[in-house]
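Hi,

Here is the structure I said I'd pass on.

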Amino acid sequence: MERSVLTVGGSDSGGGAGIQADLKTFAALGVHGLSVIAAVTAQNTLGVRGVFPVPAEMIASQLDAVAEDFDISWAKTGMLFSPEAIHVVAERLRALHCSVVVDPVIAAEAGGSLIEDYAIPALIEELIPVASVVTPNIFEAEAITGVRICDLESAREAARRIVELGARAVVVTGGHLECRAAGLQADECVDLLVTEDESACISGRRRSGGNHGVGCTYSAALTAYLSMGMGLQEAARQAHEFAAQSIERSMPVGHGAAPVDQAAFLREDAERFRVISSLDQAVSMLKEEMTFVGLIPEVGSNIGMAIPGARSEGDVAAVEGRIVRAGRRAHVSGCIRFGASRHIARVVLAAMRFDPSIRAAMNIRLGEDVLSEASRMGLRISSFDRGEEPPGESTMSWGTARAIERLGAVPDIIWDAGGVGKEPMVRILGRDAVSVATVAIMLSRAVGKR
């Protein structure tokens, strides 16, 4: 089955929206992107400086070229600046008999108009009737229908009117909807899906981050998922989550609205695989090292590693059930998974706030022999006193930060003397799980020779 999806829209010189965002989305989701450029914009993250429409005959020539060579079952439209552009695109898409997602782009997230005022009637009369799905934000839905949107019910009314204009379905994207006015939770973002026969809310957690290009990204993702044969509700749900992740991992480039990052989830999956691989190698090293068992504390050891940019305990993998003594060898009592150790995760996350390259840690027993050999090896050592811990703090987060502050840098070794019901402990910190395990083995061999 051919997986070619067409986008028709404007080129964003800043690379965050328009054709550029669509093609990045298509590539991330595994479909081949075809593109027809209907306008060239001079824009960046601060706004649109100028719009240069592509002549209608050139738009038609591009459409004819891709239609001649590719089997196009799904297309999406974005920025169509002029009535002439809208007319030729609608005419060619009708002739292709393909399904169409219309993103009725009117203004850029960074600021600036992306359609001539007198082109909006052509959008309503010629393009919307071609649409399988229309994906306006609330401002675009207001411009198309004249309905003032202040809550879900008014958004639903606007969507119904767009369906009456000829669209088979409408998704009013909820990123700009005032949550409190809509009676929603403050951290909730809701897209509203409306067809002639049904209405459904697609809800998700509101994500913080840059939003330049998020509308293009959502509509492109919806088009890609629909082209895979996914049902409309599920495709809308998946596109909502894809756009949300793209916002959360937005790239802090430029001086204005940060562009969303469509490839973030691919890189994160790859990084999670690298973390698991590093931990698997590190655990194998520890299990094979006969001397390591001498460094395992009574409560057991654990080793963990975070993905780059980790934000939560779920971004840190460790051994489920810890590493314990079994005769003269170390025994791993569980599998490696993300979120397995709150203790190790808090150490790693605290260290990453000071130095993002320090992404791994493990705990071993405290002893004068261990500290002496660590010092002899030239490792940087710091400590914290549990008795100084302020009320309401997490010991590992606070203690790690305290040890770092005392040294003025992230140490290789952090130790504490324990407390009531708390065993004295050493934590080894490093860039990855293998390097941390290597330090642990070097220490265990040095201590074993004593």
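**Helix pair and sheet**

H10 crosses H12 in a right-handed sense. Bear in mind throughout that this is a predicted model. The two helices, H10 (residues 342-354) and H12 (residues 395-407), pack with their axes 8 Å apart and at an angle of about 40°. On the H10 side, the contact is made by His343, Arg346, Val347, Ala350, Ala351, Arg353 and Phe354. H12 brings Met396, Ser397, Thr400, Ala401, Ile404 and Glu405 to it. Sorted by class, that contact of H10 with H12 comes to seven nonpolar, three polar and three charged residues.

Now the sheet. It is open and has seven strands with mixed pairing, in the order E14-E11-E10-E15-E18-E17-E16. Strands E14 (336-338) and E16 (381-383) form the edges, each pairing on one side only. From one strand to the next, the twist averages 20°.

If you zoom in on E10 (residues 303-306) and E11 (residues 316-319), you'll find them running antiparallel and joined by three bridges. Ala306 is the residue opposite Val316 in E11.

Helices pack on this sheet too. H9 (residues 264-288) touches E10, E11, E14 and E15 (360-365), and its direction makes about 160° with that of E10. H10 turns up again here: besides packing with H12, H10 lies across E10, E11, E15 and E18 (425-430), running at about 125° to E15.

Cheers

Technical notes
Residues numbered from 1 in each chain as written. Predicted model: local features only at pLDDT ≥ 70, side-chain atom pairs only at ≥ 80, totals over all residues. Heavy atoms only, no water. Axes fitted to C-alpha atoms, helices over the stretch in contact; angles between N-to-C directions. Helix = DSSP H or I, 4+ residues; strand = E, 2+ residues; numbered from the N terminus. Left-handed = near helix turned anticlockwise from the far one by under 90°. Contact = heavy atoms within 4.5 Å. Nonpolar A, V, L, I, M, F, W, Y, C, P; charged D, E, K, R; others polar. Pairing = 2+ DSSP bridges.
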